[in-house]
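My entries follow in the order I made them.

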Amino acid sequence: MKVLVVWASRTGNTEKIGKAIARAFPDARSCSVEDAPESADFDLAFVGAWLDKGGLAVEARDYIQDLDRIAKKQSRRPAVALFGTMGGSPESQRACDVLKKYYEEWKSAFPNLRWIGWRFWRGRVDPELVKAMSASMPMTEERAARIKAAEGHPDHEDCDQASEWGAFMLSKAKEE
């Protein structure tokens, strides 16, 4: 089974998770969305995006849109799994709701792809973003705690989980 792992990464967090996923597939092609192939010549694609202020990286969405168009043209329906990073806790109800919303929207908007799952990990918040946020709005204790909790992520454990999740997605892609 041919595997592609691509990511849009601003701080390196999503790239790190993408490379961890690719470890599960020695023959996988892995790269940024800017260097991604303009072909649907694979069976499973992992597409990574970072979440910022409730929105997913536009570069990842643009790549998915192109992939959907190409898959239709090539009469293929490769499996796609969405992954990414965010500063807050991906396990929080708010984050789960936001991420599920985007996953469902993309699944509906890009029907030529076979959507099989999604997963996000915590990632360090860009210090420049923290600085900009602090200049425009007060730093609440809650926000400061989220930023502090994200420091050091993605860590070794996150990367191990990403690799395991990648292998699980492969088994899921084979089932469907």
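**Ring pairs.** I found Phe25, Phe46, Trp121 and Trp165 linked into a cluster by ring pairs. I pair rings of Phe, Tyr and Trp (its six-membered ring) if their centres lie within 6.5 Å; planes under 30 degrees apart are stacked, over 60 edge-to-face, and the rest tilted. This is a predicted model: local features need pLDDT of at least 70, side-chain atom pairs count only at pLDDT 80 or more, and totals for chains, interfaces and linings use all residues. Residues are numbered from 1 along each chain as its sequence is written, and side-chain values use heavy atoms, with hydrogens and water left out.

How many aromatic pairs does the whole structure hold? My search returned five. I take helices (H or I, at least four residues) and strands (E, at least two) from DSSP runs, numbered from the N terminus. Tyrosine 103 and tryptophan 115 are both buried. For me, buried is under 20% relative accessible area, exposed is over 50%, and partly exposed is in between (1.4 Å probe, protein chains only).

I then checked tryptophan 121 and tryptophan 165. Their ring centres are 5.8 Å apart and their planes stand at 80°, so the pair is edge-to-face. Tryptophan 121 is in strand β6 and tryptophan 165 in helix α6 (residues 156-175), 44 residues apart. Both of these tryptophans are buried.

**Charges over rings.** I require NZ of Lys or CZ of Arg within 6 Å of the ring centre and within 35 degrees of the ring normal. Arginine 10 lies over the face of tryptophan 50, 5.5 Å from the ring centre. Lysine 101 has its charged end over the ring of tyrosine 102, at 4.6 Å from the centre.

**Cores.** I define a nonpolar core as buried Ala, Val, Leu, Ile, Met, Phe, Trp, Tyr and Cys residues joined through side-chain atoms within 4.5 Å. The largest has 33 residues, and Val6, Leu56, Ile64, Trp106, Leu113 and Trp115 touch the most other members. At least two residues each come from β1 (3-7), β3 (44-52), α2, β5 (79-86), α3 and β6. Helix α2 gives the most, six residues. Apart from this core lies another of 22 residues, among them Phe25, Ala28, Ala81 and Ile116.

Aspartate 68 sits in helix α2 (residues 58-73).

Asparagine 112 is in the loop between α3 and β6. It has 19% relative accessibility, so I count asparagine 112 as buried. Beyond four places in sequence, asparagine 112 is in contact (heavy atoms within 4.5 Å) with residues including Asp68, Ala71 and Lys72.

**Helix α1.** Helix α1 (residues 13-22) is mostly covered, with seven of its ten residues buried. The buried residues of α1 pack against β1, β2 (29-32), β3, β5, β6 and α6.
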